[in-house]
Amino acid sequence: MTESPKTGFAPYQPKKGEAYMSEPQKEHFRQILRAWRDELTAEMDRARHRMQDETINYPDPTDRATQESEMTLELRTRDRERKLIRKIEEALDEVDTGEYGYCESCGAEIGLRRLEARPTATLCIDCKSLAEIRERQMG
């Protein structure tokens, strides 16, 4: 069994005749989402401490510009992670309400493998493909 690269969880193996989004499946994804959220939160904390510790007022303009560039990139990355944490929280709420694993557009099952690859997925593969086509056409 291969493990998910971000969380170290083995892919869920449904039992014969097991219903989609059964309680064991929900718990599996709940654990993945929580671990991912905790990993991102810890990284954000480490980055914040690193940025505070590494703030030096370099006399050389080139060194100062490099530091500012690195800080900007770090802040952009942290902003993306903050948004991802929000999506993870929304997915955890959906697990609790029973909406997790179903396409928000058409209501079809998203599928275990797609959720393993992207636990915050909200669209089935067909709706996601259509959305991407529309996005490309709109520019």
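Author: Helices are taken here as DSSP runs of at least four residues, numbered from the N terminus, and in this predicted model histidine 28 is found in helix H1.

Reader: Is histidine 28 buried or exposed, and why?

Author: Buried means under 20% relative accessible area, and histidine 28, at 10% relative accessibility, therefore counts as buried. Leaving aside neighbours within four places in sequence, histidine 28 is in contact with Phe9, Ala10, Pro11, Tyr12 and Glu116.

Reader: How do the axes of helix H1 and helix H2 cross?

Author: An angle over 145 degrees counts as roughly antiparallel. The axes of H1 (residues 23-53) and H2 (residues 61-97) come within 9 Å and cross at roughly 155°, so the two helices are roughly antiparallel to each other. The crossing in which H1 passes H2 is left-handed, and the residues of this contact divide into 14 nonpolar, one polar and twelve charged.

Reader: Which residues have the most contacts inside the largest nonpolar core, and which elements give two or more residues to this core?

Author: In soluble globular proteins, nonpolar side chains tend to be buried together. Here the largest nonpolar core has 19 residues, and those with the most contacts inside it are Met21, Phe29, Leu33, Ile88, Tyr100 and Leu115. The elements that give two or more residues to this core are H1, H2 and helix H3 (112-117), with H2 giving the most, namely six residues.

Reader: What does methionine 21 touch, not counting residues up to four places away in sequence?

Author: With those residues set aside, methionine 21 touches Lys26, Phe29, Tyr100, Gly101, Tyr102, Leu112 and Leu115.

Notes:
Residues are numbered from 1 along each chain as its sequence is written. This is a predicted model: local features need pLDDT of at least 70, side-chain atom pairs count only at pLDDT 80 or more; totals for chains, interfaces and linings use all residues. Side-chain values use heavy atoms; hydrogens and water are left out. Axes are lines fitted to C-alpha atoms, for helices over the stretch in contact, and angles run from 0 to 180 degrees between N-to-C directions. Angles under 35 degrees count as roughly parallel, over 145 as roughly antiparallel, 65 to 115 as roughly perpendicular and the rest as oblique. A crossing is left-handed if the near helix is turned anticlockwise from the far one by less than a right angle, and right-handed if clockwise. Ala, Val, Leu, Ile, Met, Phe, Trp, Tyr, Cys and Pro count as nonpolar, Asp, Glu, Lys and Arg as charged, and the others, Gly among them, as polar. Buried means under 20% relative accessible area, exposed over 50%, partly exposed in between (1.4 Å probe, protein chains only). Contact means heavy atoms within 4.5 Å. A nonpolar core is a set of buried Ala, Val, Leu, Ile, Met, Phe, Trp, Tyr and Cys residues joined through side-chain atoms within 4.5 Å.
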